[in-house]
Amino acid sequence: MKRRDLLVGAGNLGILAAMGMGVPGISGAQALPQPAPVKGGILNMTIPSEPTTLVSAFNSTMQIGMVSSKILEGLVTYDGGLNPVPALAKSWTVSPDGLTIRFVLRENVKWHDGKDFTSADVEFTLLKVWKVLHPFGRAVYANVNKVDTPDRHTVILHLSAPAQYIFSYINTYGSQILPKHIYDGTDILTNPANAAPIGTGPFVFKEWQRGSHVRLERNANYWDPGRPYLDGIVIRFIPDAAARTVALEAGEIQLAVTSIPIPNLTRFADRKKYKINLDEGKFLSSIFLLQFNVRRPNLSDKRVRQAALHAIDREALVRLVWRGYGKPATGPIPSSVKKYYNGQTKQYPYDPKKAEQLLDAAGLKRGADGIRLKVTLDYGASSLEEERACQFIKQYLGKVGIQIELRSSDAATYLRRIFTDVDYDLMVSSLHMLPDPTLGVQRLYWTKNIVKAPWTNGSGYSNPTLDRIMEAAGKEADDGKRKELFRQWQEIAQEDLPILDLVELTWVNVSTARMHKVNPQGDGLFASFSDVFLTPP
Amino acid sequence: MTSETLSFIWRRLLQVIPVVIGIACLNFLILQLAPGDVVDVLAGDAGGSSPEYMAELRRSFGLDQAVYIQFYRYLSNLVQFNLGFSFRQNMPVLELVMGRLPATILLMVAALVIALGVGCALGVLAASRVRTAVDNLISVFVLLSHAMPTFWFGLMAIVLFSAKLGWLPSGGMISLDKQYTGWAHIRDVAAHLILPALTLSTFYLAVYTRLTRAAMLELYGADFVRTARAKGASESRVVLVHALRNALLPMVTMLGLQVAAMLSGAVLVESVFGWPGLGRLAFEAIIARDLNLLLGILFLSAILVTLINVLVDIVYRLLDPRVELGNRQT
């Protein structure tokens, strides 16, 4: 698998050069010399909360992917630049008209129960699982009309219209391949293998002690000779953030995936003992955003929304709330999506005077008490940072006369209020924009996605011009033309601002300095860990 | 045991049934008031879904039915002791709960033993050295453990004993890197149990200490203690047999209350220590609106608490045969 290593290595140099992260003293951590891989050892890791099942093929909940990706695999994985690199597929070709995609699968891959992995598994999973049961898969593979499997190691997708975004979702997290011989003819959602998966990955499922841990052991017959390096992985569920921090400090766990609160990161600043990895969540490309319910009278005026963006000091927000982990967003497509990002759109620098002018122009004069407008701001109790960011926004909008009442609720109440009852003024959320705007961003702006379901176009914003652009970008085969469509899209979004993109979030993984990875991945939160090794203490 | 006592026990056990069913009905109705359902949470966690798929899920979970039909189904399942299916965890509720119950019971029993044992000992000690330095020291200790928030105490204990000193594990129930068996396994579980059990016991430890101290001081002046001393009983016999036995009565009352409070305290302690028990499962069920699971946990907790209260009544009777048995027909 030399070719893969080379590819990934080259991509990685690119990221290092481009990585101008605003966190002093941490961005250089990657440059320390990498030791040679060592065999053996058990990796104890923790994830934010216990998964409800161990299969990602029909459920895109993050913590499921973090465990499942060690056992089951996808056709590709992503390098640091979010380009697909081989996993179960050795190579692929797209026809010039974009209507046929041909994957060549790796040979000599076995399922953990000894059966051969073949093209029939891919065909089955695509048609019966991704297209039917996966919340995003149904959209991603909507254009796939027919799947051919001319031999055991070739899969050909025939599309009704080009769908380039498929290549941004065909990794383990988005499109995990299930064994046909276990799932065919059963109720896929309730198959017992969902709690004891049989995969092709570097680690074999051993036990799942509910409420405590999942134990995995090395796959002696893994297709990548010499890997995995680890003897096993124990994934522990520690619900309390402070307890996770202490467990990492005490050396009881070696890796905490996205689960250490940012204020606690200072305790892991010693680079001789710990590593802080900021690059593994690029695949998700998450943005912290403030969304308006544009159905509300005053909020339907774009000058009010523009004023709000001028009134929020995003530099200070990143510095104070996220302690520098993250950076101000400039539009709906995050800068990590390098291929389509356009930073040259209309910007709204922090300027409270301008904000007040815009509000005056919109007819919202200050009352005798100095207040122009009273609105509510809803947030789910999902993280400490989100809560503090809401307090920050309340302060800054208060300065220009927009009085905010904060409303916090648990996930179920929040989702019901925003997306089903549509009974809110402002809301914040942290959403994954994914490497392709058609997948991650379109859902928030598209008129056809004003529906009663979570994480849809909850603002109720509708713009026929933008709809046409987004739909055209979705079925465009030519990358140059897609880029142009995305450029127009970003400009319209930045002018109308139904959503204020505030902060590009960084997913933070903390590990002991003894833990190393040979191939850094852009989808590293959902990496297989076949390349992870622990040097002796 | 006299036949009178036996019939008393039998009567009390029969009373448990309507109480538990009443609690189950209330639980169901109150939980209907929470906005949002498990399908909202499932779709939210998955990063989105289509309204059609969500409607399909609701249909298959029976959530599209009118509340009274759901209520009827819930009750008819319950009388067959069928606790239903957790759609989020993809497992029968009974299986989930039974998997977690042993851990919670172990934690509760350990905390009870610590609270009662240490509380009693400290109370007796304070009463016998009343208004000395020892008594004052115990009072300060009691004040602190009574006032400290449980989760904070737990976290500080982890920071001190796990992170700084490295004496005890910071969480979990067993060492996952070493698969112990036999005695080594029991020692391993015990090491993991110490901090959470101590944390869960602090509040009631303080209560028991105070109760014992007050009761003992009162009893020292009682006639029967003076009589015991007069007939030449040793001081330890006076303290342990005559006074303490009577001092135990209010503590037994408190014990019945404590069991109920402990189940809710377990939510915090189990979260802080990653203890794989029922408290955390209940908390997760609330957040996820997994109502079948939550109702199942509440139902079993109700049975547990009412049964323990029956037990408390019986112990009362055994400690002091003069105690009237309730509901006696005259």
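How do the residues of the lining of the second largest pocket divide into nonpolar, polar and charged? They divide into 13 nonpolar, 10 polar and 6 charged. Ala, Val, Leu, Ile, Met, Phe, Trp, Tyr, Cys and Pro count as nonpolar, Asp, Glu, Lys and Arg as charged, and the others, Gly among them, as polar.

This is a predicted model: local features need pLDDT of at least 70, side-chain atom pairs count only at pLDDT 80 or more, and totals for chains, interfaces and linings use all residues. Residues are numbered from 1 along each chain as its sequence is written, chains are lettered from A and ligands numbered from 1 in the order in which they are written, and side-chain values use heavy atoms, with hydrogens and water left out.

**View 1. The second largest pocket.** Its volume is about 760 Å³. A pocket is an open set of points on a 1 Å grid over the protein atoms alone, with protein on both sides within 12 Å along at least five of seven lines; lining residues have an atom within 4 Å of a point. Grid points are joined across faces, edges and corners, and a volume is the space filled by probe spheres set on the points. The lining has 29 residues, and A139(A), T438(A), R443(A), W446(A) and N449(A) are the closest to the centre. Elements giving two or more residues are α4, α12 (437–440), α13 (442–445) and α14 (464–474) of chain A, together with α3 of chain B. α14(A) gives the most, with 3 residues. Helices (H or I, at least four residues) and strands (E, at least two) are DSSP runs, numbered from the N terminus.

**View 2. Helix α3 of chain B.** This helix spans residues 51–61. Its buried residues are Y53(B), M54(B), L57(B), R58(B) and F61(B). Seen down the axis of α3(B), they fall within an arc of 140°, so they line one face of the helix. The arc is that of the directions from the helix axis to the C-beta atoms. Buried means under 20% relative accessible area (1.4 Å probe, protein chains only). These residues pack against α3 (119–133), α4 (137–140) and α11 (411–420) of chain A, and against α2 (38–45) of chain B. Contact means heavy atoms within 4.5 Å. G62(B) follows the helix, with a positive phi near 80°.

**View 3. The largest cavity.** The whole structure holds 6 cavities of 30 Å³ or more. A cavity is a set of grid points where a 1.4 Å probe fits but cannot get out. The largest has a volume of about 130 Å³. Of its 17 lining residues, E73(A), T77(A), A87(A), T172(A) and S528(A) are the closest to the centre. The lining divides into 6 nonpolar, 8 polar and 3 charged residues.

**View 4. Aromatic pairs.** Rings of Phe, Tyr and Trp (its six-membered ring) pair if their centres lie within 6.5 Å; planes under 30 degrees apart count as stacked, over 60 as edge-to-face and the rest as tilted. The count comes to 30 aromatic pairs over all chains. Y169(A) and Y173(A) pair edge-to-face, at 6.5 Å centre to centre and 80° between the planes. Both are buried. Y204(B) and Y208(B) form a tilted pair, at 6.3 Å and 50°.

**View 5. Strand β1 of chain A.** N44(A) is found in this strand, residues 42–47. N44(A) counts as buried because its relative accessibility is 7%. Leaving out residues up to four places away in sequence, N44(A) touches V234(A), E252(A), I253(A), Q254(A) and L255(A).

Terms used: Buried means under 20% relative accessible area, exposed over 50%, partly exposed in between (1.4 Å probe, protein chains only).
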